[in-house]
Amino acid sequence: MIAELGHFSLILALGMCVALAIIPTVGIVQKNTQLMNISNSLAAGFFVFVAISFFCLGYAFWSDDFSVQYVALNSNSALPVQYKISAIWGGHEGSFLLWTLVMSGWTFAVGALSGGLTLDMRARVLAVMGALSIGFVLFILLTSNPFDRTLPVYPADGNDLNPLLQDFGLIVHPPMLYMGYVGFAVPFAFAIATLTTGNLDSAWARWSRPWTNAAWGFLTLGITLGSWWAYYELGWGGWWFWDAVENASFMPWLVGTALVHSLAATEKRGVFKSWTVLLAIFAFSLSLLGAFLVRSGVLTSVHAFAVDPERGMYILTYLVLIIGSSLTLYAFKASGVKSDADFEWGSRESMLLVNNLLLVVSAAIVLLGTLYPLVYETLYDGKKISIGPPYFNTLFVPVVMLLFTFMVFSPLSRWKKTPVQEFKKQWVGMVASFFVMLCLVLALAKEFSFVVLLVNTVALWIIVSLGKDLIAKVANKADKVAALFKQTMSYYGMILGHLGIAVSILGVCITVYYSEERDVRMVPGDSVELAGYEFRFNGVSKETGPNYMADRGDVDVIQEGKVLLTLYPEKRFYPASSNVMTEADIEPSLFRDLFVALGEPLGNKAWAVRIHYKPFVRWIWFGGVLIAMGGFITVFDRRYRRVKVAKQEKPNHADGVAGATA
Amino acid sequence: MSSLNKSLLIPLIVFILLVITLGVGFSLKDPHILPSELIDRPFPDFQASELHDVDRTLTREDLKGEISLVNVWATWCPNCVLEHPELLRISKEEGVPLYGVNYNDEVIKAQAWLRRYEDPFVFNIVDDNGKLGIDLGVYGAPETFIIDAEGVIQYKHVGPVNRYIFDKEMKPVIEQLRANSVATRTAGVDS
Amino acid sequence: MVRLSTLVMTLVISFLSLTAIAAIDAYSFPDEGMRKRYNSLIDELRCPQCLNTNLAGSDSMISKDLRREVHRLVLEGKSDDQVRDFMQQRYGDFILYNPQVKGSTYVLWFGPVVLFFIAVAVLVRLVSRRSSLAQEKVLSDEDQDRLNQLLSK
């Protein structure tokens, strides 16, 4: 019953988004304020019905309703309850319902929180979001219905959730990712709405900035979580593989980063107007492309949902319609736009342009590497080629290293023209960073690497430059604390975001160059030395979990004769799905991870054991969290709220009071 | 509508090219099947014992002489059970000798398996460490090769063989090879 | 019929590659340099059967066998290129995660370089145009000053 209710609710949701696409549009054309006003309620209705539907699917999982095919394929009565819930998005159908829920959530939020927008603009934006949603809901109803039943004969118990997914990471990673992917629909909708008015003034940039930054923050968090999850779950110490599905999330992030920066220039100086619109279209297009790649079966990936090509064709058709029409609209409507703002070399505008161009080039590299195997196979008569980390690392890294070097100068750059002295002053920071890094590398590193020195110098230099700028902002003020509070949230967002990048760079560089690993055969009592630690293997015992049986290893970590701790790697067997899983045990810490995993039993009580030493690896994700936080706090910038107040009090008042230089 | 700035059409054009690429992706063969690198190359050299006769040593010379099929199989492979009736039929009806490569397996188990499911092979090459498989570019079982009389690999099929696949894909190759060898013989006589 | 067996094959292959994720062999090497070379080789060689994993990360039978071969070849003194050639002769370009630079991959390797230079060209053109706009205005400011001076005389 509940499943049918969920299905029905989804049909009602379809009605809502069709109404949302059509009625406000009629209102705009006819200049009918009543019809335009309905857009808020329709958005709310859309969200409510999708939420009900989602809740019904959740109930089916929670109550072990195996007559629902999707539940039978992804759950099991012995599955711990938190995974029964997260199993909702463990497979294609349910995860797409989550996608749609997130879409309806953003639509509702835009409706509810856009009091400052003109009625006409709000109606346009919501109508676009409604139109986008029609495609999503139809996709579920027509091809991927999670509520299908397998009556009259249904299984007594389910197939169980893939053990790889029975993990905290699965609970949070997809929702965060979708909040980001789908969140880019908001700037997209703003861009399209603006194009339809034919007036590309910078107001649209101001409206979309908090939404874009929030979505971008979520995507950053989603990608960070995915990398962290892969690291501890897959058992071989890797955290990024340039897999097609990983790239599918990274490309919108790269373009999204360009968009976040470009919006600043468009809002403040009215430059790059049409370029920013194009970026907004690109970012969401790449999100849709990502959904396509993951669900169509066109590219091979261990992450991909096993879907048949028919569903892929549907998504491809949707892609063509949405993006094709947006780009056509762009070509025609953005043609007449020209800004007459001028700026010099070294100005903030020119810096932002460098940022945009380099990010787009890097996104293009990732796109090329991801899709080239398809092209190759078509052109060369079915021959296959593989493109993996060596390719991406060779091309991508130099481009972003160049970007990072420019990043050093970003806080000190000024709009229109940056005095040359500002640049000259940076020499001190560079030399200081270089010497500090030189000392650190010589003192702490196992062996000297020039690349490590260079990369880490840039990262430290970025941090130094941020610190200098912050100090400069409070230096001449009497009340330094008050001055700190006076800085805008946008400014602190920039600080956190750039700081996060620098921290991640340090983590990546050090872990790539100075990780150590050993795979050894050990019998109980054997010891292995790695990175100054002694790892003593004490044998293996049998354990039982809620839905698995395990061989559990016992490894002491000893330093200077004292046992620091014991690690318990496991090899688990899940009977419901006959899957065997390696559960590594990790001792995390700020400056290094110790990582132990069990291989195969080698007979006579001997086991193959893998031991990793991974220095600074946590800094990668710590940096990612800082970046995401940077994105989120800008949403609270007073200027966005102040403008709304100004608009309500004085309808003729121009854009709000000029804020800080940030 | 303002006049059209042609350069703004570039994104649209790039997008259309992208879509064509993706659309083509659907028509491509199964992404899990790897095409063979060894087509038109001689069967790799090897030295192995025969499954039923440990003292007999087989080399690639034993595969020369006529057009034949080489089937890579193992007892741990469920699809090999599925395709076995077709292999039996081929060995009896198609007039092509069938040689086996017992891949990454145990001799006793393999012998028992053949007793249970019947033995269509002229002989079976024991590849218990998978080395011959690697030289053949094999990555799973079953895989079936068509070799010509000179021992050159002409075709490979990954996955179980059934009547449909044999008639549609493998038989034409065999007939073509037969036709070619008749032509060469005739040409030899004439010249 | 064909579709069914392909589906079965796909399921079997996916099943096989999902079982056990970490691939841990206890190989020994006479020196650290060889171990490092082995590790980097199994990182850049692809498992022919899996859904996008390298030899290092796969526990499938073929990956185990191929790691054994890499170990043997490295111990025999073969160079990295020779190991790659060995694999490529048997499994094709597919097994190399680092695509070779040849005619069919020029676009792949040099496309980004071309794109980069296009980006630089766009940057230079755009900023030059904008900063000359700024120059014009500065000039007119200078003219304005002169005018003011003349007027105030």
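**Stop one: a sheet in chain A**

Start by selecting R521(A): across from it, in β10(A), is A608(A). Before you go on, note that this is a predicted model, where local features need pLDDT of at least 70, side-chain atom pairs count only at pLDDT 80 or more, and totals for chains, interfaces and linings use all residues. Residues are numbered from 1 along each chain as its sequence is written, while chains are lettered from A and ligands numbered from 1 in the order in which they are written.

Now widen the selection to β1(A) and to β10 of chain A, residues 606-615: they pair antiparallel, over seven bridges. (Strands are DSSP runs of E, at least two residues, numbered from the N terminus; two of them pair if DSSP finds at least two bridges between them.)

Next, bring up the whole sheet. It's open, with four strands in the order β1-β10-β9-β8 of chain A and antiparallel pairing. At the edges you'll find β1 (516-522) and β8 (585-587) of chain A, each pairing on one side only. Going from one strand to the next, the twist averages 20° (axes are lines fitted to C-alpha atoms, and angles run from 0 to 180 degrees between N-to-C directions).

**Stop two: a sheet in chain B**

Hop over to V72(B). Which residue is its bridge partner in β6(B)? Pick E143(B) and you have it. Zoom out to β3 (residues 68-73) and β6 (residues 143-147) of chain B, antiparallel strands joined by five bridges.

Finally, show the open five-stranded sheet of chain B, ordered β5-β4-β3-β6-β7, where the pairing is mixed. Its edge strands are β5 (124-127) and β7 (153-158) of chain B, each with pairing on one side only. Here the twist averages 20° from one strand to the next.
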